[in-house]
Amino acid sequence: MDFEVTYTPEQEAFRAEVRAWLVENIPDGLEQPVDPAHLSLEQYQKLRELGRRLGAKGWLYPTYPRAYGGSDLSVDFVMIVEEELDRYSLHLPPYYDSGGRLGGASIFVWGTEEQKQYFLPKIFRGEWRTWQLLSEPSAGSDLAGVQTRAIRDGDFYVLNGQKIYIGSLHGCEMMWTIAVTDPERPRHENLGWLMIPYDLPGIEVRPMELLTAGGEGGASPGLKHTVFFDNVRVPAFNLVGGENNGWRVATTHLELEHGGGGMVRRNRVVDEFLEYCTTTKRNGETLSQDPDIRDDMVEVYIKNEILRLFGLRTYWLSHAHKPRSYEGPQLSYWRKTNALEIAEVILRALGPYTMTNDAQWGPLAGLLEHYQRSAIVGLHPGGTTDIQKVIMARRIGIGRTDKEQAGRLR
Amino acid sequence: MDLGLTEAQELLKAAVADFVQREYDKNTLIALESTPTGITPQLFRKITELGWLGVVIPEQYGGEGRSLTDAAVLFEELGGGPVPGPLFSSSVLGALTVLQGGTEAQKQALLPLVARGERVLSVAATEADYGWRPEKVQLQTSLQRGHYVLNGVKLFVHDAAAATHLLCAVRTAPPSNGGSRGITLLLVDASTPGVGVRTLSGWMGQVDEVSFTNVQVPADGVLGGVEGQGWEMLEAAALQAIPILCAYQVGSCQAVFEMAVAYSRTRIQFSQPIGRFQRVQDHIIGMVNQLDAARWTTYEALWKLESGRPAASSVHLAKAVTSEAALKVCDGAHEVHAGVGVMREYGLTLHTQRSRTLYHYLGDARLHRRRLADALGW
């Protein structure tokens with residue numbers, strides 16, 4: 001086994017190229033706020049600019065074919081891009097674009113050639129930021145029970161309904177959703193998957209006030225919205241995967257949402273918490289010398305190491321195109337429950353300091369205070385912990401011999 | 001990056017699995033569970049012939065010279081039995097201790113015999129004041145007229161009853177300021193007059209009390225030929241041996257997990273397989289999470305050791321995670337199996353006993369969590 005990428009001279013040369021390129025192309029004055037809700041429009045635009053520059057190189061969504069805006073990079077090369085961005089605490093993509101990541105994968109698997117030619121380059125080159133619209137007020141875990149309707153009318157689908165927990169700060173260019181295309185057909189066979197331009201008439205977007213937005217890692221959204229559709233006319237060309245086939249299209253992005261792509265980034269909160277404990281003194285004694293805090297640090301470290309290894313394993317399975325089963329939802333489950341547990345251990349270790357982002361007293365510029373909130377908010381996006389367990393059980397084949405298959409990613 | 005096994009490792013895994021299935025059926029395992037040695041001469045001969053006793057011993061000393069990960073693959077499958085007996089204690093921990101600490105002459109004399117099964121080693125380190133820390137080694141001795149004379153007791157020694165020779169940790173000096181812990185490893189022939197081995201009764205397997213009554217050990221029995229370096233030798237060997245012990249427990253967890261999944265499909269209550277109940281699913285999902293945590297921490301530690309990276313923190317992590325995981329996986333299986341799980345003939349309790357017996361071997365989770373913090377430089 002080899003838990004690290006062993007780089008060939010060619011790959012090391014690529015790393016040097018990426019590193020030099022980033023020095024040249026990361027926009028001046030780029031700063032990321034501790035609380036993603038504080039991302040300014042100016043900073044967001046810098047991130048988008050970086051995204052377009054990465055996209056022009058084929059590095060924004062690098063595993064996809066060149067023809068669609070990627071650069072056919074294999075897993076080891078992608079790791080290099082990720083690692084080099086990580087030196088700046090940035091990810092691929094550098095701004096919140098889960099709609100592009102998940103939607104792009106879905107179009108790549110299920111779209112017609114014409115649709116791929118039209119949609120994918122704009123997503124993969126960073127010209128669009130894309131939102132996913134899945135949850136509704138009465139359809140969360142039971143996603144197949146969505147009530148939003150998209151009824152065919154000539155060359156259009158007419159969209160009516162409401163979606164919640166949507167998007168991010170500073171808007172988007174494109175959205176996608178699943179909606180009922182044929183109310184007469186049975187569950188799972190009555191849905192369509194549609195790409196929707198953000199600026200179509202009849203779309204209303206209202207901010208939601210949440211404890212914080214997102215929290216599952218990666219670039220954070222910063223803000224969530226309710227989206228209302230009032231007779232929105234979407235070109236029929238934008239229906240991906242064919243009539244009433246939306247649920248099958250959704251299995252691809254749900255697989256990714258359920259952790260199937262893996263995860264190889266550092267956990268900044270854990271790193272900084274541990275560093276804080278080894279460098280901060282109270283009463284003349286370093287925090288890490290306090291036996292109770294030392295035990296807490298070990299607990300946090302162990303939980304996070306297991307998470308890192310689950311992420312690495314799943315990343316490898318996905319990028320090396322190995323058979324996958326329950327590993328994605330296991331990663332998602334572990335990430336969610338661990339975040340909550342880690343947040344509570346940190347709360348225990350540092351006491352009320354954990355809960356303030358006060359300029360004078362809040363540790364790490366409020367990073368830990370934000371984590372107390374985001375660890376809780378992070379429990380639901382991409383499926384609750386209970387849903388992850390349901391999927392794991394089906395795929396392991398607990399109580400059944402007909403094991404459910406993981407969703408297609410290629 | 002490649003988290004898969006090599007082709008050679010896949011072949012080894014299949015060969016061991018096949019052997020365990022063929023030679024260690026459930027009744028054999030149940031019969032062996034509480035015997036003093038955990039093995040029969042016939043089984044021991046077959047395992048010897050397969051070369052598995054020399055898996056980590058270099059070819060120059062008559063072994064197979066395979067990698068630590070190869071050894072882990074072997075022991076993972078043995079853990080699936082779970083196959084008892086002195087295989088780990090002698091051919092991994094014992095052999096690695098000799099390899100780490102022995103003089104060239106000692107290695108040449110001893111290791112080929114260990115690989116051929118003609119010497120069986122057991123490390124006798126712990127005592128009545130139990131613990132895997134140097135200050136817990138209190139059995140004192142000194143060289144007098146060419147011999148060390150031992151009087152005292154070693155307790156909770158694994159696989160001593162099967163051993164021909166003991167690697168006995170003794171105190172030859174108090175800990176010094178210079179860093180020496182004052183501990184020496186003595187190679188003691190178990191047939192020396194005055195050596196008594198008594199296998200402990202109860203819910204454990206192959207764990208012994210070893211008593212010494214005026215036992216005379218020749219001066220050349222000092223491992224490495226120099227007094228005072230014994231703990232360091234043992235530590236160096238344990239660093240490599242622990243992940244292999246962990247792999248054995250991973251194999252046990254894997255077998256128990258598969259047992260529970262199979263049972264969830266066949267046991268019918270309320271007119272349906274019990275695995276359809278989400279409460280039952282929760283137990284099994286908890287098990288697979290523990291299993292995978294144990295698996296990946298273990299194999300990453302092995303990779304770090306083999307690739308020459310600093311590995312201490314990963315080894316402590318693996319032991320802390322795996323010894324706890326083995327307990328939890330068996331706990332989950334008992335929740336799923338209920339009454340059937342505690343019927344000896346079903347076989348689950350073999351694993352449950354191992355999970356408890358091996359929990360402390362080479363240090364429990366608490367010790368390794370503390371050492372993890374130290375290794376990280378906190």
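Helix H9 of chain B is largely enclosed by the rest of the structure, because 19 of its 26 residues are buried; here a residue is buried if 20 or more other C-beta atoms lie within 10 Å of its own, exposed if 12 or fewer, and partly exposed in between, with C-beta atoms placed from the backbone. The structure is a predicted model, in which local features need pLDDT of at least 70 and side-chain atom pairs count only at pLDDT 80 or more, while totals for chains, interfaces and linings use all residues. Residues are numbered from 1 along each chain as its sequence is written, and chains are lettered from A and ligands numbered from 1 in the order in which they are written. Helices (H or I, at least four residues) and strands (E, at least two) are DSSP runs, numbered from the N terminus. From its first C-alpha to its last, H9(B) reaches 37 Å, close to the 38 Å expected at 1.5 Å a residue, the expected span being 1.5 Å times one less than the number of residues. After H9(B) comes Ala338(B), with a positive phi near 50°.

In chain B, helix H6 (residues 104–115) has twelve residues that should span 16 Å at 1.5 Å a residue, and its end C-alpha atoms are 16 Å apart, which agrees. Leu110(B), Leu111(B), Val114(B) and Ala115(B) are the buried residues of H6(B). Seen down the helix axis, the buried residues of H6(B) fall within an arc of 130°, so they line one face of the helix, where the arc is that of the directions from the helix axis to the C-beta atoms. Helix H5 (87–101) and strand E1 (121–124) of chain B are included in what covers these residues. Gly117(B), which follows H6(B), has a positive phi near 80°.

Apart from its neighbours within four places in sequence, Ile284(B) is in contact (C-beta atoms, placed from the backbone, within 7 Å) with residues including Ile396(A), Ile398(A), Ala260(B) and Val336(B).

The contact between the chains takes 31 residues from chain B and 30 residues from chain A. On the side of chain B that touches chain A, H8(B) gives the most, with 13 residues. By class, that side of chain B has 18 nonpolar, six polar and seven charged residues, with Ala, Val, Leu, Ile, Met, Phe, Trp, Tyr, Cys and Pro counted as nonpolar, Asp, Glu, Lys and Arg as charged, and the others, Gly among them, as polar.

Chain A contains eleven helices and ten strands. Its radius of gyration is 22 Å, close to the 22 Å that the globule rule gives for 410 residues, so chain A is as compact as a globular protein of that length; the radius is taken over C-alpha atoms, and the rule is 2.2 Å times the number of residues to the power 0.38. Buried residues make up 49% of chain A. Chain B contains eleven helices and nine strands, and 54% of its 378 residues count as buried.

Technical notes:
Contact = placed C-beta atoms within 7 Å.
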